[in-house]
Amino acid sequence: MKEERFDIPIVLFVFRRLDTVKLIIDKIREVKPKRFYIFSDGPRIGKEEERKKILEVREYIENAVDWDCDVYLEFPEHNKGCANNICGGVNTVFYKEESAIILEDDAVPMTEFFFYCQYLLNKYKNDKRIEYIAGFNAVGDSDTIEDSYTFSKSAPMSGAIATWADRWNNCDFQMKNWPENFKQKKLKKYFYFNELYNIHCQAFEDSYKNINDGWDYQFHHDMLDKGRFAIVPKGNLVKSYGYTEGAFHPQSKREAENLNKIMNYTEEDFSFPMQEPREVVLNKEYDRLRQKYLLGVKGNYIQRHVYYSKRKVKDIAYKYMPKTLWNSLKKLVKK
């Protein structure tokens, strides 16, 4: 499998984490893609330590690609923000490419992930029922997925996906159908827990109003709105470092422990040729389990609602409180 010429371009988004970038580059080196795109967002204003870390990552990258390939580097001087950096970068890629594997710097793939994506990108290239291919299933090894992969409405993106230019370029990032979808509750049938449906509705609403700095909820809404599926593997083919030390959005100890259980590498062998599902149909059993685990990351019912109450107060304070006062309170809380 490793002897094949790897024709699918790989895209990597980096920021300030050198530890995980080294691990990811080592894995990419094993397949030696012919085209490699790397986007490094710039430092935020007033964060000199962040600038130093970003420059270290960039210096490493410039010397790390030691195989014959076309490399595209984009190293802006100033910070674009997560959504603008990723959306702008993927737009650049899909102006030239028909499909791509997209990684963020907190998602370290297994070698098998690349060939899994390569095979499925080719197989479902013209099947518009599929929106994207996920590297995580976010439930770990589970009997809910009998074949090598299955079809989902709840598949995690989490920094490791593959998709096609026509899906991305035709995505409705403005979410023009969201108000009607919300009013008519058209998407509720895809959620097995009212609490999770309400959480997603708020996230979709914030995305529609450009309140949050993201792109994934827009892409997820596009998939649900068009009645499409995502593909998820039987076991996680990627390990998430998005909750470990150095992560951009660190989690509490309890959340990190819960995430580690469902976002770690599969313990089973992922072999080729893959065992194919007989038809493209929603795996309801998997989606129910995935959504249950997604809720459980924040703890039990009481713990979750304490968390969401605190977050709501924090969001209101951040929106209306003067920045200097907000920063002073953050320092006081840390002490």
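**Notebook: rings, spaces and one lysine**

I looked up F219 first: F219 is buried, with a relative accessible area of 0%. I take buried as under 20% relative accessible area, exposed as over 50% and partly exposed as in between, with a 1.4 Å probe and protein chains only. The model is predicted, so I kept to its limits: local features need pLDDT of at least 70, side-chain atom pairs count only at pLDDT 80 or more, and totals for chains, interfaces and linings use all residues. Residues are numbered from 1 along each chain as its sequence is written, and side-chain values use heavy atoms, with hydrogens and water left out.

**Ring partners of F219**

I paired rings of Phe, Tyr and Trp (its six-membered ring) when their centres lie within 6.5 Å; planes under 30 degrees apart are stacked, over 60 edge-to-face, the rest tilted. The count comes to 24 aromatic pairs. I opened W168 and F219: the ring centres are 5.4 Å apart and the planes at 55 degrees, so this pair is tilted. W168 lies in helix α5 (residues 165-169) and F219 in helix α8 (residues 216-225), so the pair ties together parts 51 residues apart in sequence. My helices (H or I, at least four residues) and strands (E, at least two) are DSSP runs, numbered from the N terminus. W168 is buried, with a relative accessible area of 2%.

Next I checked F173 against F219. Their ring centres are 6.5 Å apart and their planes at 10 degrees, so the pair is stacked. This pair also links distant parts of the chain: F173 sits in the loop between α5 and α6 (178-184), F219 in helix α8, 46 residues apart. F173 is partly exposed, with a relative accessible area of 22%.

I also noted one aromatic cluster, formed by F6, F113, F114, F115, Y116, F270 and F272.

**Charges over rings**

I used this rule: NZ of Lys or CZ of Arg within 6 Å of the ring centre and within 35 degrees of the ring normal. The charged end of R167 sits over the ring of W164, 4.0 Å from its centre. The charged end of K123 sits over the ring of Y124, 5.4 Å from the ring centre.

**K34**

I found K34 in the loop between α1 (18-31) and β2 (35-40). K34 is partly exposed, at 28% relative accessible area. Its side chain joins that of D7 by a polar contact of 2.8 Å. For such a contact I need N or O atoms within 3.5 Å; within protein, one must be able to donate a hydrogen and the other to accept it, and residues adjacent in sequence count only if both atoms are side-chain atoms. K34 and P9 are 25 residues apart in sequence but 6.8 Å apart in space, C-alpha to C-alpha.

I searched a 1 Å grid over the protein atoms alone: a cavity is a set of points where a 1.4 Å probe fits but cannot get out, a pocket is an open set with protein on both sides within 12 Å along at least five of seven lines, and lining residues have an atom within 4 Å of a point. Points join across faces, edges and corners, and a volume is the space filled by probe spheres set on the points.

I found one cavity of 30 Å³ or more. The largest cavity has a volume of about 40 Å³. Strand β4 gives the most to its lining, with three residues.

The second largest pocket holds about 350 Å³. It is lined by 15 residues, and E146, D147, T150, V281 and N283 lie nearest its centre. Strand β7 (residues 149-152) gives the most to this pocket's lining, with three residues.
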